[in-house]
Amino acid sequence: MDIVRRTGCPACGSARLRVAFTRADWQVVAQASIDSRRDFARAMAAEPALGFEAFLVCEDCATLFADRVPPPALLEQFYQHYHGNPGYAEKIPRKLALERRRIFALKFLTRGRRFLDIGCNIGCAVEAARRSGFTATGLELDASAVAAAARRFPGNRFLVGTLETLAPGQYFDLVQCTEVVEHVPEPRDFLARLGTVVAPGGIALITTPDAGHRSVREALLEWPEVKPPEHLTLFSRAGMRAALAGQFDLVWILPNRKPGLQVIARRNRAPKARA
Ligand SMILES: [Zn+2]
């Protein structure tokens, strides 16, 4: 199986990298944790191809990432084992309300009313968008989540798959992608593809943990978001800006007291002239 060794920063492409910490160091923290890190450490011990040797940090943009990426088939198996939605159903009303508030604010930044959620889970954001006047589509890898979404929120389109699943030529005015990019093996390619489905004049909302936040910078090893093989890339603000630079005309990273990046990226209405 082909494990991918990362020789460049997955956010900005720089080759100036150094070791942030080794697997052995992380394992001590993971095994003492009371969250999924403990199970993940065990899973990596049982299946070496899921593992990594070290987390690297980019000297140019401060993005933090696993030095190895497991083969896609193995990662898929891993998610089937470790990803249920325990207790998710009870959270639906609260989640819908939260998503509606978010979409209410974003709605003013774009005129069109085509919505896409990449990694939509059981579809709360998609339904919230529909109730806010959008024609809404949800993409999700987990087929059981898609089935649940379609049952619960039948007024929307839900597809099992990734951005590649969309027929070419589909554009959206509001593309949401929350807590997904840190999981993706090739985040720069992923964000580039995301940019291609945003309509001119449209916006994307991307959220992901913030590895550059001052509350985590001094204790990266202990940060619960350092959770391989689930989280493979932990972006910094600079890393996110670098990864989005070619795709969008304006990138706005919202202030956040918590270690999370909330990014709004916009495409100009008139396409840029290409040299
Ligand atoms: Zn970088």
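User: How many bridges pair strand 3 with strand 4, and in which sense do the two strands run?

Analyst: Strands of a sheet pair through backbone hydrogen bonds, either parallel or antiparallel. In this predicted model, strand 3 and strand 4 pair in the antiparallel sense over three bridges. Two strands count as paired if DSSP finds at least two bridges between them; strands (E, at least two residues) and helices (H or I, at least four) are DSSP runs, numbered from the N terminus. Phenylalanine 55 stands opposite alanine 66 in strand 4.

User: On what conventions do the numbering and the values rest?

Analyst: Residues are numbered from 1 along each chain as its sequence is written, and side-chain values use heavy atoms, with hydrogens and water left out. As the model is predicted, local features need pLDDT of at least 70 and side-chain atom pairs count only at pLDDT 80 or more, while totals for chains, interfaces and linings use all residues.

User: In what order do the strands of the open sheet lie, and which are its edge strands?

Analyst: The order is 2-3-4-11, with antiparallel pairing. Strand 2 and strand 11 (233-234) are the edges, each pairing on one side only.

User: Which atoms are the protein donors of the zinc ion, and what is their arrangement?

Analyst: Ideal angles at a metal are 109.5 degrees for four tetrahedral donors. Here the donors are the SG atoms of Cys9, Cys12, Cys58 and Cys61, lying 2.3 to 2.4 Å from the zinc ion; donors are N, O and S atoms within 2.8 Å of the metal (3.2 Å for Na, K and Ca), and water is not among the atoms, so sites may look incomplete. The four donor atoms subtend angles of 104 to 118 degrees, which makes the arrangement tetrahedral (all angles between 85 and 135 degrees). Along the chain the donors follow the spacing C-x2-C-x45-C-x2-C. Cysteine 9, in the loop between strand 1 and strand 2, and cysteine 61, in the loop between strand 3 and strand 4, are 52 residues apart.

User: Are cysteine 9 and cysteine 61 buried or exposed?

Analyst: Cysteine 9 is buried, at a relative accessible area of 3%, and cysteine 61 is buried at 6%. Buried means under 20% relative accessible area (1.4 Å probe, protein chains only).

User: Which strands pair with strand 6?

Analyst: Strand 6 pairs in the parallel sense with strand 7 over five bridges, and three bridges join strand 6 to strand 9, also parallel. Phenylalanine 115 has alanine 136 of strand 7 as its bridge partner, whereas leucine 116 has valine 175 of strand 9.

How values were computed. Tetrahedral: all angles 85-135°; square planar, octahedral: opposite > 155°, others 65-115°. Buried < 20%, exposed > 50% of the residue type's maximum accessible area, 1.4 Å probe, protein only.
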